[in-house]
Amino acid sequence: MDFNDLKGMLTEVRTRMDGAIDRVRKDMANVRTGRASVGLFDSVHVEAYGTRVPINQVATLSIPEPSLIVAQPFDPSLMGAIEKAIRISDLGLNPSNDGKVVRIPIPSLTDERRKELSRHVHKQAEEGRNGVRQVRRDANDRLKKLLKDHKISEDDERKGLEQVQKLTDDHVKVIDELQAKKDAELLGK
């Protein structure tokens, strides 16, 4: 394996670590902070036409005011199913319908709920950091195997290990920043 292949491996490492950050971003977007956001409903699936589909495939979600989300079903017969799906989700929301749209008020969060959500955010961030560290571990193992098989030199292995560690540090820092930003939204720090 020549140095260009080592660059290919580093590109793969960067891609996998970026994937871990994307997962953390997506997970944190689903954490409710007291402001209305249609991203809250990414994990809500509605029982429709004999299968479970994401809510955004059966209704248009809009935010007419900061503490209210409105779901307008494409098919009015799904009104009850949409309402039920939101109620049984772990979002803690209580929707109501007026026959045309489902209104979902977003209540303000209690201090206890904010702290609970903050712990959840910390857990998501730690899972993301663990994902990044797993990619680092895989890359380091691969580098050591290449050195053992005499496909790269010790200098190349050392350079590769340093570059993988730098990527790891950079990606962990991004996850820490995402966590701090979400904590600030939740706890008002």
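Colleague: What does the chain average in pLDDT, and what share of the residues score at least 70?

Modeller: The chain averages a pLDDT (the predictor's confidence in each residue, from 0 to 100) of 86, and 95% of the residues score at least 70. This is a predicted model, in which local features need pLDDT of at least 70, side-chain atom pairs count only at pLDDT 80 or more, and totals for chains, interfaces and linings use all residues. Residues are numbered from 1 along each chain as its sequence is written, and side-chain values use heavy atoms, with hydrogens and water left out.

Colleague: Which residues of helix α2 are buried?

Modeller: Buried means under 20% relative accessible area, exposed over 50%, partly exposed in between (1.4 Å probe, protein chains only). Helices (H or I, at least four residues) and strands (E, at least two) are DSSP runs, numbered from the N terminus. In α2 (residues 79-88), M79, I82, E83, A85 and I86 are buried. Seen down the axis, they fall within an arc of 160 degrees (from the directions of the helix axis to the C-beta atoms), so they line one face of the helix. K84 and I88, on the other side of α2, are exposed.

Colleague: What covers the buried residues of α2?

Modeller: Contact means heavy atoms within 4.5 Å. The cover includes β1 (45-48), β3 (59-65), β4 (68-73), β5 (96-97) and β6 (102-105).

Colleague: Why does H171 count as buried?

Modeller: H171, in helix α4, counts as buried because its relative accessibility is 7%. Leaving aside neighbours within four places in sequence, H171 is in contact with R14, M17, D18, I21 and V132.
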